[in-house]
Amino acid sequence: MSKPSSFSTICTSTCAFELTGLLLSLSIYHTNETIYIMSDTETKDIIDKITPKPKLNIIWYINLNEYNGMNRQIMESIKAWSQFQMSKAKIIEYALKKESDTLFLDCDIVITNVINDIDKTKDLGISPQFIKK
């Protein structure tokens, strides 16, 4: 069991305030760690201007401009939600080109302790979704 080699997430401007929470909380427990973020240009601009600055090595992939200003409801109405969700796999793929592993975190996660219980003997780990319970 150990820490992840890197972290990854996706975010558009409608959720940039949530990403702020993830980055600041992650930087408390994983200072100077690397996080790969796939976003739109507006999200990067928002995060670049926040204070305090997250103490993280942030690597940006600006590939989500087509979803700027859209929430889930809008994306579902234009049949783009599934395609947007595939961006999670893409950012994981980008991270794995440079890292031995990555822990994908949704941008609305707040870290409350060190993550150091990663079982690296497994190829893939997933978490059940308990949001409806």
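Tyr-67 and Phe-84 are both buried (under 20% relative accessible area with a 1.4 Å probe and protein chains only; exposed is over 50%, partly exposed in between). The model is predicted, with local features needing pLDDT of at least 70, side-chain atom pairs counting only at pLDDT 80 or more, and totals for chains, interfaces and linings using all residues. Residues are numbered from 1 along each chain as its sequence is written, and side-chain values use heavy atoms, leaving out hydrogens and water.

**Aromatic pairs.** Rings of Phe, Tyr and Trp (its six-membered ring) pair if their centres lie within 6.5 Å; planes under 30 degrees apart are stacked, over 60 edge-to-face, and the rest tilted. The count comes to 4 aromatic pairs. Two of them involve Phe-84.

| Pair | Centre to centre | Angle between planes | Type |
|---|---|---|---|
| Tyr-67 and Phe-84 | 5.1 Å | 70° | edge-to-face |
| Trp-81 and Phe-84 | 5.6 Å | 35° | tilted |

Tyr-67 sits in the loop between strand 3 (57-62) and helix 3, while Phe-84 is in helix 4, so this pair links distant parts of the chain, 17 residues apart. Helices (H or I, at least four residues) and strands (E, at least two) are DSSP runs, numbered from the N terminus. Trp-81 and Phe-84 are 3 residues apart in helix 4, which means about one helical turn separates them. Both Trp-81 and Phe-84 are buried. Tyr-36, Tyr-61 and Tyr-94 form one aromatic cluster.

**Cysteines.** The structure holds 0 disulfides (a disulfide is a pair of cysteine sulfur atoms within 2.5 Å). Cys-11 is buried at 1% relative accessible area. Cys-107 is also buried, at 9%.

**Largest pocket.** A pocket is an open set of points on a 1 Å grid over the protein atoms alone, with protein on both sides within 12 Å along at least five of seven lines; lining residues have an atom within 4 Å of a point. The largest pocket holds about 1600 Å³ of space. Its lining has 40 residues, and the closest to the centre are Lys-88, Phe-104, Leu-105, Asp-106 and Gln-129. Elements giving two or more residues to this lining are strand 1 (7-11), helix 3 (72-77), helix 4 (81-85), helix 5 (87-96) and strand 4 (103-104). By class, the lining has 21 nonpolar, 9 polar and 10 charged residues.

Methods:
1 Å grid on protein atoms, 1.4 Å probe; cavity = no way out; pocket = protein on both sides within 12 Å on 5 of 7 lines; lining within 4 Å. Points joined across faces, edges and corners; volume = space filled by probe spheres on them. Nonpolar A, V, L, I, M, F, W, Y, C, P; charged D, E, K, R; others polar.
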